Amino acid sequence: MRYDLQKILESMEQMHKTTRGNSFCMHGGECTLIPRGDFETILKKMYELQGQSAIQTNGYTINNDLIRLFKNYRTNVGVSIDGDGELNALRGFPDNPEKNRKYTDKVLANILKMKKEGIHVGIITVLHKVNASTTDKLEKLLKFILFLRSNDIKGGRLNLMWSNHPEAKQYQLTPEQASNAWLFLYENLKQYPDHHWQPFREFVDNLLGFAQSSCSLGKCDYFCTYGAKTILPDGTLGNCDRTHQEEHAYTRASDKPTYERYEILKQTDCKGCRYWNVCFGGCPAEGVDGDWRNKTRWCEPIYSLYEKVESDLKAMFPNINLVSDHNEIDDYFDMLRSGKSIQPFKKMSRDKAVNPSSWKGVKMKKQKEKAKVPINAHGDCAHGDHTDHGDSS
Ligand code: SF4
Ligand code: SF4
């Protein structure tokens, strides 16, 4: 692919000035395949601008030279792998099981090597028919996750694979399978207090009313994606690469997102949903029938996971105050942006309650002061597939 390195570097500088706080990540294709000098130049620019760098890679090409660069430029390395053995069959050499097995072994060895060398490694595992459609496959996947854990890699993302292309779509889980997969992994991982696999931790944070942790649950404008901006090969600014599915990349409509999709969803597909304020209809790129205006095709797994997390939190702390308890809140996204938030632990806090308790009826103290702490607005939402994959340290 042709690209204009100078223009890309200029855009990085420009973007850094205008969106401080957001972090860069080099994606592909496979970004480690560009000429090594250019690769290093981009890592170096990221490092100069933000004191670290990040890439997303298939992990196959990692060698000592790349590890040296990762150390020099404090690179967070996100590796895409869907499990070991046959679970990873859709990556590498999908048509050749023997080659694919060797490919997966090498990727896994590279992950462990980077970890040993002190590189921050995060994992992105995509859930699909090959690795997550049955209990048997999920048990193998869990074993893989626990194997990573035994090597001090304790987090990453478990994203649901989706596509609108018929050839790829055959591997997409049904909504029911996707719910089962998330619930199975959530149940089995929750016994480990230090795990940070997503979306499980994020869903807890969202119900507690902290800033929406992932762009996919934060009112993304399909034509002005706030959670992810891309610098296209010619240096122009584009939207999140999930919007490139129609085989062309939209340039940004403006730098101010609009929210019409959400006004409509709230009155149609998502009307009355208990989890509206922690979901907002999900990522537009995943819209039902490939239409960004519709709610996400993953409504069922999102709803089931929120329901399970909510019931666990309530079982442990009946007095906890969650966003889902407040159907009177018109728009929690706007509330956060105005600097307000719910107080999840107010009935358990000596500052706020007389006789605080996790379960008893409590009398609230009168509060004169309003929340003073500024809350992160949507611009700080993580994109959900690279630097927020959960470092493994
Ligand atoms: S992944 Fe995030 S930024 Fe990209 S389209 Fe979906 S919600 Fe928007
Ligand atoms: S869980 Fe489903 S119905 Fe509820 S807000 Fe999300 S997409 Fe809409």
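How many bridges join strand β3 to strand β4, and which way do the two run? Five bridges link β3 (residues 120-127) to β4 (residues 155-160), and the two strands run parallel. Strands here are DSSP runs of E with at least two residues, helices are runs of H or I with at least four, and both are numbered from the N terminus. Two strands pair if DSSP finds at least two bridges between them. Within this pairing, Val126 stands opposite Asn159 in β4.

A word on what you are viewing: this is a predicted model, where local features need pLDDT of at least 70, side-chain atom pairs count only at pLDDT 80 or more, and totals for chains, interfaces and linings use all residues. Residues are numbered from 1 along each chain as its sequence is written, while chains are lettered from A and ligands numbered from 1 in the order in which they are written.

Now step back to the whole sheet. It is open, with five strands in the order β1-β2-β3-β4-β5 and parallel pairing. β1 (53-57) and β5 (196-198) are the edge strands, each pairing on one side only.

Next, look at the ligands. Ligand 2 is surrounded by 13 residues, the closest being Cys270, Cys273, Cys279, Cys299 and Tyr303.

Finally, find helices α9 and α11. Phe203, Val204 and Leu207 in α9 meet Leu305, Tyr306, Val309, Glu310 and Leu313 in α11, contact being C-beta atoms, placed from the backbone, within 7 Å.

Definitions and conventions
Near = placed C-beta within 6 Å. Contact = placed C-beta atoms within 7 Å.
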